[in-house]
Amino acid sequence: MNHSNGGKIFKYTMKTIGFLLVFGTIGILLWRMFSSGDPASMKTLDANAALVEAYEKALSEDRALDIFTQEQPTNITTAEHNYSYFSARNVVFVRDAKQVQLTFRYNNSTIRHLVEDYKLSKTPAREDDLYDVTLWVVYDLTPDVKEDNEIDHENVNKVRVHATDSETRADQKSLYNYRKLVFDGVDFSNPDAPILAIYMDVYYNEDIDYEADPYGTLPLYQKVYEEEGVNKPYELTKQDQKAIDAFKKE
């Protein structure tokens, strides 16, 4: 083989490697992008008695169901001790039903961190029920006074709301684990005690102490954002409507 042919083969080989690296990287990025999307099962509302009753009442009054979303600065935990552990997605507030629905998501790496953080002897399975997820709802007892709206003020009432057990369902996709959660009894309608904020708190199921700091926490709703016009009306999807209709037939 002469030097000319050897040079051509080398150039061709390097070009091929370059193309493989570029397209391989693009393929990995595309795979991560598409695999990170939530499963369809987690995007649909759960229909229960409270939701259906509110829906039918709205229909009887010839109006749309009062349901909205509110974008927060982040939907992933960002503290140093739980960076990217937990995420709150598809958060919907059904004011008419006094209800909040959300998708709780965590990565497989979060389970590995759990093992490290709690020094567990073995790694739990993805299917295991690992986390206690609750809402921490902050009500303003003196809505006419803006100066006492700090979380720790005596004129603020903090209520912990647990998920409605029968409305919890799970799913998995690639790197992620999901739980669809419904919380009833979140009252937006009382003018004497409006909601200042709603947080999602996460505790490890084997270490639940509501007096202690949560393993992770995320803001879901803030009244100041609503006053700034951040709320967006949520339109029921075809799948949402099917879920409501199916519940009505049960």
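When I say contact in this talk, I mean heavy atoms within 4.5 Å. With that in hand, let me start at one residue, N82. Leaving aside its neighbours within four places in sequence, N82 is in contact with T77, Y215 and G216. N82 is found in the loop between β1, residues 67–69, and β2. Is N82 buried or exposed? At 4% relative accessibility, N82 counts as buried. Please keep Y215 in mind, as we will come back to that residue.

Before going on, a word on what you are looking at: this is a predicted model. The protein has 250 residues, and 38% of them are buried. Its secondary structure comes to 6 helices and 10 strands. For the accessible surface, the total is about 14,700 Å², with 54% of that belonging to carbon and sulfur atoms. And if you take the contacts with a separation of 6 or more, 69% of them are between residues 24 or more positions apart.

After the helix comes K119, with a positive phi near 50 degrees.

Let's turn to charges. Side chains of opposite charge can pair when their charged atoms come close. In this structure there are 12 salt bridges. One of them joins the side chains of R105 and D38, at 3.9 Å from N to O. R105 sits in strand β3 and D38 in the loop between α1 (3–35) and α2 (40–43), so this pair ties together parts that are 67 residues apart in sequence. Since the cut-off for a salt bridge is 4 Å, the 3.9 Å here falls within it. Both partners, R105 and D38, are buried.

Another salt bridge is formed by the side chains of R63 and E61, at 2.6 Å from N to O. Here R63 is partly exposed, at 32% relative accessibility, and E61 is partly exposed too, at 39%. R63 and E61 also belong to a network of salt bridges that links them with K57 and D96.

How do the two partners compare in burial? E227 is exposed, with a relative accessible area of 52%, while K223 is buried, with 19%.

On to the rings, and back to Y215 as promised. A search of the whole structure finds 19 aromatic pairs. Among them is the pair of F86 and Y215, which is edge-to-face, with 5.6 Å centre to centre and 65 degrees between the planes. F86 lies in strand β2 and Y215 in the loop between β8 and β9 (216–222), so the pair ties together parts that are 129 residues apart in sequence. F86 and Y215 are both buried. They are also members of a cluster linked by ring pairs, along with Y85, F104, Y106, Y118, Y131 and Y204.

Where does D62 lie? It is in the loop between α3 (49–60) and β1. D62 is not a glycine, yet it has a positive phi of about 55 degrees. With a relative accessible area of 74%, D62 is exposed. N90 has a positive phi as well, of about 50 degrees, and is not a glycine either. N90 is found in strand β2, and at 29% relative accessibility it counts as partly exposed.

How values were computed:
Residues numbered from 1 in each chain as written. Predicted model: local features only at pLDDT ≥ 70, side-chain atom pairs only at ≥ 80, totals over all residues. Heavy atoms only, no water. Helix = DSSP H or I, 4+ residues; strand = E, 2+ residues; numbered from the N terminus. Buried < 20%, exposed > 50% of the residue type's maximum accessible area, 1.4 Å probe, protein only. Areas by Shrake-Rupley, 256 points an atom, 1.4 Å probe, with all protein chains shown as cover. Phe/Tyr/Trp six-rings, centres within 6.5 Å; stacked < 30°, edge-to-face > 60°.
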